[in-house]
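Here is a short briefing for a first look at this structure. Keep the sequence and the 3D view open while you read.

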Amino acid sequence: MRRRTLLTGSLAVAAAAGVSTAAGSVAGTGPVITVGSKQFTESWVMGELYAQILTARGFQVVLKSNIGSADIIDRALRSGQIDLYPEYTGVILQTFALPKRMPVTAHGTYEAAKRFEEGRGLTLLRPTPFQNRNAVAVRSSDARKHGLRTVGDLRRMGRISYAEYPDNITGPLGYDAIVKAYRLSAMKVRPLNIGLQYPALKNGDVDAADVFTTDPQLRRYDFTVLEDDQAIFGFQNVSPVVRRSLVERYGSRLTEPLDAVNALLTEKAMQALNEAAAMMRLSPAKVADRFLRANDLK
């Protein structure tokens, strides 16, 4: 079967046509499944992908988008308001499981998160190839000039400025943690709201910036993402968190379509999907529909 993991030029045509954002339930027939998503673009798109592929496979799907933060949607799942939602494996450990030590590999993070969820009557299906985690980006011209490959290499630039969103300056994945782990005492922080770090870095107002690895802006600017060789950002693949009772009831009829979608979601594919929804103004429903059709899943 033909597989294309990136969207095609048809998205640009649809964007030019001015397709607007929309959200709501997805009708269908057969057993009823309620899919949830969190309160940001990437989760909306993934919720739509899950809802639409299950509808195409004969389920009657109710989609509840924009439910809220990890804490809120977790409570919705455990209270029976939804049956599944996409979650980041590292978030499950960092927010709910709280292990004394975080796993040092992506596979270890997935297995630890799955064991934790199965202890609560839930389970994880297969993870995506992509991760969406914090990272440090610099202008590619500076990366070449100073031979920057890892975050620690920033010491070669001397006194530099670093764009960080205000809520993350003192967090475990933020500015303070980076300075400590990589001994970057000459790096000073400049607080900027999420999104503003990209023009600031492009225009030379800062020398490095906190980014998310599936941000669509990384496709548009000539930036280099530095390697986190101290692994302070952890591992953040996405898996559907599902009630175990549903997996036992429906088996591969439920799991195979979701696994098939997740297998296609590389970092480049997810950046393209986010770009279509966040910057080209396509609705998450339209983005998901076009992706599934482009990959012969619908």
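Contact here means heavy atoms within 4.5 Å. The model is predicted. Its protein chain holds 13 helices and 10 strands. The points below go from the whole chain to single residues.

**Overall build**

- The radius of gyration of the protein chain is 20 Å, close to the 19 Å that the globule rule gives for 298 residues, so the chain is as compact as a globular protein of that length.
- Along its principal axes, the C-alpha trace spans about 60 × 50 × 35 Å.
- Of the 298 residues, 52% count as buried.
- The accessible surface comes to about 13300 Å². Carbon and sulfur atoms hold 49% of that surface.
- Take the contacts in the chain with a separation of 6 or more: residues 24 or more positions apart account for 78% of them.

**Nonpolar cores**

- The largest nonpolar core has 39 residues. Those with the most contacts inside this core are I33, L49, L54, L254 and L265.
- Helix α2, residues 41-56, gives the most to this core, with 7 residues.
- What does L265 touch, not counting residues up to four places away in sequence? The list is M46, L49, T128, P129, F130, M270, L273 and F291.
- A second, separate core has 21 residues. Among them are V136, L154, Y162 and V179.

- T213 sits in the loop between β8 (208-212) and α9 (217-220).
- Is T213 buried or exposed? Its relative accessible area is 9%, so T213 is buried, the cut-off being under 20%.
- Neighbours within four places in sequence are left aside for the next list. T213 is then in contact with Q131, N132, R133, A135, L218, E267 and Q271.

**Salt bridges**

- Side chains of opposite charge can pair when their charged atoms come close.
- The count of salt bridges comes to 14.
- D207 and R139 meet through their side chains in one of these, at 3.6 Å from N to O. D207 lies in the loop between α8 (197-202) and β8, and R139 lies in strand β5 (residues 134-139), so the pair ties together parts that are 68 residues apart in sequence.
- D207 is buried, with a relative accessible area of 19%. R139 is buried too, at 15%.
- E275 forms a salt bridge with R220. Their closest N and O atoms are 2.7 Å apart.
- Why does this pair tie together parts that are 55 residues apart in sequence? E275 lies in helix α12 (residues 267-278), while R220 lies in helix α9.
- E275 is buried, with a relative accessible area of 9%. R220 is partly exposed, at 46%.
- D289 and K298 also pair through their side chains, at 2.8 Å from N to O. D289 is buried, with a relative accessible area of 15%. K298 counts as partly exposed, at 38%.

**Positive phi angles**

- Most residues other than glycine have a negative phi.
- L98 has a positive phi of about 50°, although this residue is not a glycine. L98 lies in the loop between α4 (89-97) and α5 (106-118).
- L98 is exposed, with a relative accessible area of 56%.
- A231 has a positive phi of about 55° and is not a glycine either. A231 is placed in the loop between β9 (223-226) and β10 (238-243).
- At 38% relative accessibility, A231 counts as partly exposed.

Notes: Residues are numbered from 1 along each chain as its sequence is written. This is a predicted model: local features need pLDDT of at least 70, side-chain atom pairs count only at pLDDT 80 or more; totals for chains, interfaces and linings use all residues. Side-chain values use heavy atoms; hydrogens and water are left out. Helices (H or I, at least four residues) and strands (E, at least two) are DSSP runs, numbered from the N terminus. Buried means under 20% relative accessible area, exposed over 50%, partly exposed in between (1.4 Å probe, protein chains only). A nonpolar core is a set of buried Ala, Val, Leu, Ile, Met, Phe, Trp, Tyr and Cys residues joined through side-chain atoms within 4.5 Å. The radius of gyration is taken over C-alpha atoms; the globule rule is 2.2 Å times the number of residues to the power 0.38. Accessible areas come from the Shrake-Rupley method with a 1.4 Å probe; for residues, only the protein chains shown count as cover. A salt bridge is a side-chain nitrogen of Lys or Arg within 4 Å of a carboxyl oxygen of Asp or Glu.
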